[in-house]
Amino acid sequence: MGSCSCKIFSDTMKALVTGGCSFSMDTNNLHTWNHYLAKDYNKSYHTGIDASGNDFIIRRVINEINKIKSEVDEIDCVVLWSGISRKMYVTKDDEYLNHGILRTQALHNFEEFKRLNPNWEDLIADTEETIDTAHVTIDTNPIEEDEYGYTWFVPQINPPRIQEFYKKFSNLVNDWEQTTFYIYILQEFCKANGINLYWGHYTNVYDSIEPPEHLKWAYNNIDFSKCFSNNSMKQWVYEKMGSRGFTSDNIHPNEKGHEEFCKSVIQPFITNSK
């Protein structure tokens with residue numbers, strides 16, 4: 001999680017709290033949209049972390065807000081929701097699903113990524129050290145392997161136990177319903193605390209799911225006027241900038257893509273919403 005102090009001319013202490021996955025993980029190697037948005041605030045707190053699912057995103061965002069809400073006058077919370085099938089899991093080393101099997105696969109994938117991308121250090125913030133410590137507290141502080149902590153994973157990784165989990169216990173409608181609930185819960189949390197919430201999606205999978213009507217109770221109570229990008233950041237950058245807006249992996253927007261998305265979509269949306 002990163003934070004910064006940004007100079008603006010106002011007597012009101014305004015803070016920005018952002019959340020998301022790698023599309024929102026601002027680093028010195030690759031500044032993401034929230035880096036550019038933070039310039040409009042006195043303080044900013046970025047909770048985005050690589051490969052996060054929406055279950056971990058909402059926990060980290062609410063935790064951060066709870067820590068700072070008594071110290072500032074106004075908070076804008078801006079979230080770029082992640083892939084709906086990404087999962088967070090509380091586990092330790094002797095559990096059937098544990099961080100060790102995820103770490104082994106992650107290190108393998110990391111080495112393959114470095115082999116295919118000689119300039120990998122300019123593309124991502126991951127290192128062997130960060131992969132090794134992805135068994136963490138809510139503030140992403142590493143903890144001992146024999147203590148329960150947070151870990152997270154995505155459908156594309158290969159360990160048989162993870163594939164077994166997705167085959168037996170996951171489906172897209174369930175994932176859609178859970179993400180819908182997270183959006184609704186964050187909306188109500190922000191409303192109860194006088195916080196301005198704005199959100200979008202990094203990919204358009206959420207909007208492509210058609211659940212049955214009886215599962216839409218939370219969906220029907222979401223204020224979609226606060227959504228700045230239902231069709232996804234990734235799609236916007238692709239349509240407006242093509243390959244010029246992406247890093248060499250053709251998945252993640254580059255700094256120019258992030259800057260343009262912030263300047264053209266998020267900043268005017270927030271301004272016009274107030």
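Q: Which residues does Met88 touch, not counting residues up to four places away in sequence?

A: Met88 touches Asp55, Phe56, Arg59, Tyr150, Thr151 and Trp152. Contact here means heavy atoms within 4.5 Å. Before we go on, a word on the ground rules: this is a predicted model, where local features need pLDDT of at least 70, side-chain atom pairs count only at pLDDT 80 or more, and totals for chains, interfaces and linings use all residues. Residues are numbered from 1 along each chain as its sequence is written, and side-chain values use heavy atoms, with hydrogens and water left out.

Q: Where does Met88 sit, and why is Met88 called buried?

A: Met88 belongs to strand E5, residues 87–91. Helices (H or I, at least four residues) and strands (E, at least two) are DSSP runs, numbered from the N terminus. As for burial, the term means under 20% relative accessible area, with exposed over 50% and partly exposed in between (1.4 Å probe, protein chains only). Met88 has 13% relative accessibility, so Met88 counts as buried.

Q: What share of the contacts with a separation of 6 or more comes from residues 24 or more positions apart?

A: In the protein chain, such residues account for 76% of those contacts.

Q: Which residues does Phe228 touch, leaving out those up to four places away in sequence, and why is Phe228 called buried?

A: Phe228 touches Val78, Val79, Leu80, Tyr198, Trp199, Gly200, Phe261, Val265, Ile266 and Phe269. The relative accessible area of Phe228 is 9%, so the residue is buried. Phe228 lies in strand E8, residues 227–229. Val78 is 150 residues away from Phe228 in sequence, and their C-alpha atoms are 9.7 Å apart.

Q: Why is the pair of Phe165 and Tyr166 called edge-to-face?

A: A search of the whole structure finds 17 aromatic pairs. For Phe165 and Tyr166, the ring centres are 5.5 Å apart and the planes stand at 90°, so the pair is edge-to-face. Rings of Phe, Tyr and Trp (its six-membered ring) pair if their centres lie within 6.5 Å; planes under 30 degrees apart count as stacked, over 60 as edge-to-face and the rest as tilted. Phe165 is buried, with a relative accessible area of 15%, and Tyr166 counts as buried at 13% relative accessibility.

Q: Which residues do ring pairs link into a cluster?

A: The cluster holds Trp176, Trp199, Tyr206, Tyr219 and Phe224.

Q: How do you know whether Asn250 is buried or exposed?

A: The relative accessible area of Asn250 is 55%, so Asn250 is exposed.

Q: Why is Thr203 called buried, and which residues is Thr203 in contact with beyond its neighbours within four places in sequence?

A: Thr203 has 16% relative accessibility, so Thr203 counts as buried. Thr203 is in contact with Gly83 and Ser232, and is found in the loop between strand E7 (196–201) and helix H7 (205–208).
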